[in-house]
Amino acid sequence: MDQVRRNFLKSMGAVMAVCAAGLLKSGSVFAATWNTQAFTSKDTADAMKLAGYGGAAESKDIVIKVPDIAENGAVVPVEVTSNIPGTTSIAIFVDKNPSPMIADIGFMNGAEPFIATRVKMASTSIVRASVKAGGKVYTASREVKVTIGGCGG
Amino acid sequence: MAEEMKMRATMQGDAVDVKVLIQHIMETGLRKDPKTGKMIPAHFINQVSATLNGKMVLDMQWGVGISRNPFVGFRVKGAKVGDKVAVHAVDNLGTVFDGEVVVA
């Protein structure tokens with residue numbers, strides 16, 4: 001615990017030093033604060049609502065690239081591309097996970113609405129990608145079959 | 001902290017393609033230690049941001065469902081060779097991970 005506390009204090013000290021130097025405003029290292037409620041929700045629809053993706057319309061312009069069958073549920077590659085103009089964020093959910101919300105990604109200043117990552121899947125499940133674009137919300141999903149579950153327990 | 005993050009940034013057309021790999025256990029908090037019978041506490045990266053030449057391009061919140069040794073790939077339009085891409089990540093215990101790479 002001591003080493004973690006030392007790292008924490010060291011990193012906080014570094015952040016404060018940078019703030020004092022006027023290089024960044026305190027609190028602006030990340031644009032958003034961690035959405036505890038959405039990330040701990042046990043239900044996709046509820047998590048979507050809590051993260052601002054509620055009432056999303058199904059869209060064919062969200063492309064989800066996932067394996068049909070994941071050999072290892074601990075590491076399932078997921079790529080999401082949004083072809084919806086004005087996309088500002090993409091969120092990923094795995095319905096059957098204990099906490100379905102996987103990630104919420106905001107894009108700005110030229111970043112393309114594309115994300116590639118690897119997720120844990122507890123069992124065969126729908127993988128959902130939701131998009132915020134132009135003040136509206138959209139969503140798409142794909143099913144991924146999992147042969148060996150990936151939450152480790 | 002630089003050893004824990006591997007980054008690569010290469011131009012693909014008019015966008016830079018960035019790949020990041022961070023060494024991290026991404027412990028969910030749902031596993032039991034078989035020896036002690038106690039739950040292993042959650043320990044996972046929960047916030048990641050990326051900048052291009054100091055300007056934020058990506059702002060991510062992660063949950064425990066991101067795989068161990070997290071990988072993330074993203075693209076930014078308008079980048080050019082020589083530009084600097086930096087990634088800043090923090091985990092739920094407050095440990096900070098920083099990495100940067102020059103666009104090739």
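In chain A, 64% of the contacts with a separation of 6 or more involve residues 24 or more positions apart; two residues count as in contact if their C-beta atoms, placed from the backbone, lie within 7 Å. This is a predicted model, where local features need pLDDT of at least 70, side-chain atom pairs count only at pLDDT 80 or more, and totals for chains, interfaces and linings use all residues. Residues are numbered from 1 along each chain as its sequence is written, while chains are lettered from A and ligands numbered from 1 in the order in which they are written.

Chain A has 3 helices and 9 strands (DSSP runs numbered from the N terminus: H or I of at least four residues for helices, E of at least two for strands). Of its 153 residues, 37% are buried, that is, 20 or more other C-beta atoms, placed from the backbone, lie within 10 Å of their own.

Strand β6 (residues 101-107) of chain A has 7 of its 7 residues buried, so it is largely enclosed by the rest of the structure. Through 5 bridges it pairs antiparallel with β5 (residues 87-94) of chain A; pairing takes at least two DSSP bridges.

An open, antiparallel sheet of 6 strands is ordered β2(A)-β4(A)-β7(A)-β5(B)-β2(B)-β1(B). Its edges are β2 (62-65) of chain A and β1 (5-12) of chain B. At the chain B end, 8 bridges join β1(B) to β2 (residues 15-22), and B:Gln12 has B:Ala15 as its bridge partner.

Note on methods
A residue is buried if 20 or more other C-beta atoms lie within 10 Å of its own, exposed if 12 or fewer, and partly exposed in between; C-beta atoms are placed from the backbone.
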